[in-house]
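Here is a short briefing to read alongside the model. Please keep the sequence and the coordinates open as you go.

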Amino acid sequence: MLSVKHLSKSYGNLVILKDISVEIGANEVVAVIGPSGSGKSTLLKCLNFLEPYDGGEVRFEGTLVGYREHSAGKHLAKEKVTNLLRARIGMVFQNFNLFPHMSVIENLLEGPVQVLGENRAEVEHRAQALLLKVGLQDKAHARPSTLSGGQQQRAAIARALAMRPRLMLFDEPTSALDPELVGEVLSIIAQLATEGMPMVIVTHEMSFAREVASRVIFMEGGEIVEEGPPEKIFRQPDNLRTQQFLSRVLH
C-alpha cells in the first residue's frame with residue numbers, strides 16, 4: 001500500500017531523515033517509536049507530503065506522492081493532484097487541529113464537501129454515523145472549544161475518517177491529553193485496527209504499541225535502527241540502542 005525508498009529530509013545543514021526505506025502493507029498497523037527528535041513525526045508528514053522530502057520517493061498505492069515523474073527527473077506535482085492523493089491518507093495530529101469557528105459536524109463535512117465535492121446530505125449521514133462510532137453523537141453541534149481534549153481528539157479522528165481514507169496516520173495522538181483521557185482515544189484507534197484499517201502510529205504509549213501493532217519500527221537519529229513484530233522488539237530486540245531505549249521507557 002505504501003512504499004518508501006531511500007527517503008531523506010534536511011533543514012539546511014540539519015539532517016532529519018537519512019535513507020529511510022520501509023513498506024506498509026494493506027491491513028498492517030505499524031507503530032513508530034523512538035526518542036524525541038529522532039525524525040518520527042517528520043517521517044509521518046513526508047508520507048502524505050505535508051513535509052516535502054529531499055531525496056528518495058514515497059509511493060501510495062503505486063502513485064508517487066508529491067511529485068510527477070518526467071523523462072528529465074521528477075518535478076513537484078500540481079497542488080490539486082497532491083491534495084486529492086492526500087485525501088486518501090487520513091492524518092490525526094497531536095493538537096487536534098479542528099476548525100475552531102465550526103461545530104463538530106461542520107468539521108466533518110468540510111473536507112468531503114469542499115475538497116471531494118460530495119453530496120452534503122450523504123456526507124452528513126456518514127458524519128452522524130462516525131460521531132456515534134467515536135461516542136460524540138450528542139456533541140454534533142458543539143464548538144471544539146467546549147469539548148475536553150479527549151473529545152476533541154475523537155472528533156479529529158472522525159473528521160479524518162469522514163474522508164474515507166485508505167490509510168490512517170497518527171502523530172502522537174495522545175501526547176497533548178491528560179492521562180485520564182488517553183484511554184478513550186486509544187480505544188478508538190484499537191477499534192480501527194480490529195476493523196482492518198491500515199495505520200502508521202507514532203506513539204510514546206509502549207503498551208499500546210505492543211498490543212495493537214503488527215510491526216514496530218524503532219527510530220533514532222533520523223534512521224530506522226530496528227523493526228519487527230512487537231513481541232520481538234519488546235522482548236528481545238537485537239540492537240543495543242533499542243535495548244537501552246526500551247529499558248529506560250519501560251521501567
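This is a predicted model: local features need pLDDT of at least 70, side-chain atom pairs count only at pLDDT 80 or more; totals for chains, interfaces and linings use all residues.

Residues are numbered from 1 along each chain as its sequence is written, and side-chain values use heavy atoms, with hydrogens and water left out.

**Domain record**

- The UniProt annotation "domain: ABC transporter", from an unreviewed entry, covers residues 2-246; its position is given in the numbering used here, the feature name is shortened, and such annotations may be inferred rather than shown by experiment.
- Residues 2-246 are 38% helix and 27% strand, and the end C-alpha atoms of the span lie 27 Å apart. Helices (H or I, at least four residues) and strands (E, at least two) are DSSP runs, numbered from the N terminus.

**An open sheet and its helix**

- An open sheet is formed by 4 strands in the order 2-1-4-5, with antiparallel pairing; two strands pair if DSSP finds at least two bridges between them.
- Strand 2 (14-24) and strand 5 are the edge strands, each pairing on one side only.
- Helix 1 (residues 40-47) packs on this sheet and touches strand 1, strand 2 and strand 4. The direction of helix 1 makes about 120° with that of strand 1 (axes are lines fitted to C-alpha atoms, for helices over the stretch in contact, and angles run from 0 to 180 degrees between N-to-C directions).
- Between strand 1 (residues 2-11) and strand 4 there are 5 bridges in the antiparallel sense, and Val4 stands opposite Val58 in strand 4.

**Nonpolar cores**

- The largest nonpolar core has 40 residues, and Leu108, Leu131, Ile157, Met168, Phe170, Ile189 and Met199 touch the most other members. Such a core is a set of buried Ala, Val, Leu, Ile, Met, Phe, Trp, Tyr and Cys residues joined through side-chain atoms within 4.5 Å.
- Elements that each supply at least two residues of this core include helix 3 (104-115), helix 4 (120-133), helix 5 (149-162) and strand 9 (167-171).
- Leaving aside neighbours within four places in sequence, Leu108 is in contact with several residues, among them Val123, Leu130, Leu131 and Ala158 (contact means heavy atoms within 4.5 Å).
- A second, separate core of 30 residues includes Leu7, Val200, Val202 and Ile217.

**Salt bridges**

- The structure holds 15 salt bridges, each being a side-chain nitrogen of Lys or Arg within 4 Å of a carboxyl oxygen of Asp or Glu.
- Glu118 and Arg126 form one, with the closest N and O atoms 2.9 Å apart. Glu118 is buried, with a relative accessible area of 19%, and Arg126 is buried at 16%; buried means under 20% relative accessible area, exposed over 50%, and partly exposed in between (1.4 Å probe, protein chains only).
- Arg241 and Glu220 meet at 2.4 Å, N to O. Arg241 lies in helix 9 (residues 240-250) and Glu220 in strand 11 (residues 215-220), so the pair ties together parts that are 21 residues apart in sequence.

**Positive phi angles**

- Glu61, a residue other than glycine, has a positive phi near 50°. Glu61 sits in the loop between strand 4 (55-60) and strand 5 (63-64), and is partly exposed.
- Phe96, also not a glycine, has a positive phi of about 70°. Phe96 is in the loop between strand 8 (89-92) and helix 3, and is buried, with a relative accessible area of 12%.
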